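I opened my notebook to follow one protein from its sheet to its pocket. Here is what I looked up, entry by entry.

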Amino acid sequence: MSNVPRPAEDERFMDEALGEARTALPHGDVPVGAVVVHEGAVVGRGHNRREADRDPTAHAEILALREAAARLGRWRLFDCALYVTIEPCAMCAGAAQQARLDLIVYGAPDEKAGGVRSVFEIADDPRLNHRVKARAGPRRAEVESLMKEAFQRLRLRD
């Protein structure tokens, strides 16, 4: 895990993920943002595009993983870290596990659908052939505030 960012770098990369999350707001998507980091550089970015693309798999994490794999020319992202504003769902945690990521860092837990620790524990399930380290918390208050504001806006539109 020598190439994976250390906790001291978490805030910097979470800021990148938050920037991506804000990009989802204008097209009516839930503001989730993600970046994949390799050797200290962002190699994949994504924000939720389910509404914009009418695609149930267009989650921020999936899009960031796809871009990182394309940029690095490989699907095994064993020396990469995924930074995401909200704890990944089961689909995204599974994709991170399948990509052989070293690390997932998320800003806030998702008590209703979290696939890393809150509801499911896919990242470190001993039944799977690869385990992904995880840590939570950078920019949690900012992430939670952004989500609260977004859901208030969505409720007002309905």
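**Entry 1: the covered strands.** I began with β4, which is mostly covered: six of its six residues are buried. By buried I mean under 20% relative accessible area, with exposed over 50% and partly exposed in between (1.4 Å probe, protein chains only). I then checked β3, also mostly covered, with seven of its seven residues buried. My helices (H or I, at least four residues) and strands (E, at least two) are DSSP runs, numbered from the N terminus.

**Entry 2: ground rules.** I noted that this is a predicted model, where local features need pLDDT of at least 70 and side-chain atom pairs count only at pLDDT 80 or more, while totals for chains, interfaces and linings use all residues. Residues are numbered from 1 along each chain as its sequence is written, and side-chain values use heavy atoms, leaving out hydrogens and water.

**Entry 3: the sheet.** In what order do the five strands of the open sheet stand? I read β2-β1-β3-β4-β5, with mixed pairing. β2 (41-47) and β5 (133-136) stand at the edges with a single partner strand each, so one side of each has no neighbour in the sheet. From one strand to the next, the twist averages 20 degrees. I count two strands as paired if DSSP finds at least two bridges between them.

**Entry 4: who pairs with whom.** A reminder to myself: strands of a sheet pair through backbone hydrogen bonds, either parallel or antiparallel. β1 (residues 33-38) runs antiparallel to β2, and six bridges join them. β1 and β3 are antiparallel too, over five bridges. I followed A34 both ways: its bridge partner in β2 is G46, and in β3 it stands opposite V84. β3 and β4 (residues 103-108) pair in the parallel sense over five bridges. Here I found A81 opposite L103 in β4, and Y83 opposite V105 in β4.

**Entry 5: a helix across the sheet.** Which strands does helix α3 (residues 60-72) lie across? It lies across β1, β2 and β3 (80-86), running at about 145 degrees to β2. For such angles, axes are lines fitted to C-alpha atoms, for helices over the stretch in contact (heavy atoms within 4.5 Å), and the angles run from 0 to 180 degrees between N-to-C directions.

Entry 6: Most residues other than glycine have a negative phi, and most peptide bonds are trans. R54 is not a glycine, yet I read a positive phi of about 55 degrees. R54 sits in the loop between α2 (50-53) and α3, and R54 is exposed, with a relative accessible area of 76%. R139 also has a positive phi, about 65 degrees, without being a glycine. R139 is in the loop between β5 and α5, and is partly exposed at 26% relative accessible area.

**Entry 7: the lining of the largest pocket.** Which helix gives the largest share of this lining? I found helix α5 (residues 140-157), with four residues. The lining divides into ten nonpolar, two polar and eight charged residues. For these classes, Ala, Val, Leu, Ile, Met, Phe, Trp, Tyr, Cys and Pro count as nonpolar, Asp, Glu, Lys and Arg as charged, and the others, Gly among them, as polar.
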